[in-house]
Amino acid sequence: MTIGDVTIYKVGNGPNSLPDDVRSKIVAAVSTYLDAATVKPLQTGAVDEASLATTLAPAATYRAAGVDRGALLDEGLPKATGRIVVNTLPLKLTALADGDGRVVVVTARLDSIARTRTQKGAVTISRKGDLVFTPDGDTWKIDGYDLAVERSGKGLVAPTTATTAVPGTPTAGTAK
């Protein structure tokens with residue numbers, strides 16, 4: 001996974017660019033999310049809840065347990081019988097820095113496609129939208145999102161499409 005365009009909005013003496021450590025933590029969080037929400041369910045039939053917990057903030061965790069589960073997670077699909085290939089376009093990042101130079105929120109534009117084969121046939125999962133990250137100690141977690149997912153293929157009972165959005169609720173935190 002790579003980073004594409006980066007835009008930073010700042011107040012006062014904010015940084016002119018997104019720090020490299022923040023960039024790498026956002027990429028790691030998106031990668032962990034895709035692995036926990038898409039790859040593991042296709043491999044094992046279950047979401048990797050422990051890994052998911054490391055990448056979702058409390059508000060997103062709450063929503064993922066309820067009404068938005070179908071858009072955030074790929075559950076109930078047949079298990080993969082072959083390789084699972086996940087391709088992403090470069091992440092487009094938009095960041096906001098406060099007057100003290102701290103990056104306080106980052107939005108990552110996600111455009112991914114996962115493909116695999118099951119006993120019943122090919123399956124494709126396309127997920128597009130924005131993931132809103134806020135700092136949580138030394139990590140960055142998904143606090144909000146606006147996502148659309150489309151699942152298709154002979155391996156599914158019926159193709160599905162789901163869209164969900166919840167505004168990020170930035171909390172006080174310090175980026176490290």
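How many bridges join β4 to β5, and in which direction do the two strands run? The strands are joined by 13 bridges and run antiparallel; two strands are taken to pair if DSSP finds at least two bridges between them. The structure is a predicted model, in which local features need pLDDT of at least 70 and side-chain atom pairs count only at pLDDT 80 or more, while totals for chains, interfaces and linings use all residues. Residues are numbered from 1 along each chain as its sequence is written, and side-chain values use heavy atoms, with hydrogens and water left out.

The chain contains four helices and seven strands. Helices (H or I, at least four residues) and strands (E, at least two) are DSSP runs, numbered from the N terminus. Along the sequence, their order is β-α-α-α-α-β-β-β-β-β-β. Of the 176 residues, 39% count as buried; buried means under 20% relative accessible area, exposed means over 50%, and partly exposed lies in between (1.4 Å probe, protein chains only). Among the contacts (heavy atoms within 4.5 Å) with a separation of 6 or more, 63% come from residues 24 or more positions apart.

Confidence is expressed as pLDDT, the predictor's confidence in each residue, from 0 to 100. The chain has a mean pLDDT of 87, and 88% of its residues reach 70 or more. The highest confidence is in strand β2 (residues 85–88), at 96, and the lowest in strand β7 (residues 160–166), at a mean of 57. Over residues 168–176, pLDDT stays under 50, and the model has 19 contacts beyond four places in sequence for this stretch.

Strand β5 pairs on both sides of the sequence order. Strands β4 and β5 form a hairpin with two residues between them. In this pairing, Thr107 stands opposite Val132 in β5. Another 13 bridges join β5 to strand β6 (residues 139–152), and these strands also run antiparallel. The hairpin of β5 and β6 has two residues between the strands, and Gly137 takes a positive phi near 65° there. Twelve of the 16 residues of β5 are buried, so the strand is described as mostly covered.

Helix α1 (residues 20–44) has 25 residues and reaches 34 Å from its first C-alpha to its last. This is close to the expected 36 Å, the expected span being 1.5 Å times one less than the number of residues. A kink of about 35° is centred on Asp35; the bend at a residue is the angle between axes fitted to the seven residues ending there and the seven starting there. Just after α1, Gly45 takes a positive phi of about 90°. Val27 has its place in helix α1 and counts as buried because its relative accessibility is 18%. Leaving aside neighbours within four places in sequence, Val27 is in contact with Met1, Ile3 and Leu91. Val27 and Leu91 are 64 residues apart in sequence, yet their C-alpha atoms are 8.1 Å apart in space.

Side chains of opposite charge can pair when their charged atoms come close. Ten salt bridges are found in a search of the whole structure, a salt bridge being a side-chain nitrogen of Lys or Arg within 4 Å of a carboxyl oxygen of Asp or Glu. One of them joins Arg69 to Glu49, with the closest N and O atoms 2.6 Å apart. This pair links distant parts of the chain, as Arg69 lies in helix α4 (residues 69–72) and Glu49 in helix α2 (residues 49–53), 20 residues apart. Glu49 is partly exposed, with a relative accessible area of 42%. Glu49, Arg69 and Glu75 are linked in a network of salt bridges.

A salt bridge also forms between Arg102 and Asp100, whose closest N and O atoms are 3.6 Å apart. Arg102 is partly exposed at 33% relative accessibility, whereas Asp100 is exposed, at 63%. In a further salt bridge, Asp130 and Arg109 have their closest N and O atoms 3.1 Å apart. Asp130 lies in strand β5 (residues 121–136) and Arg109 in strand β4 (residues 103–118), so this pair ties together parts that are 21 residues apart in sequence. Arg109 counts as partly exposed because its relative accessibility is 40%.
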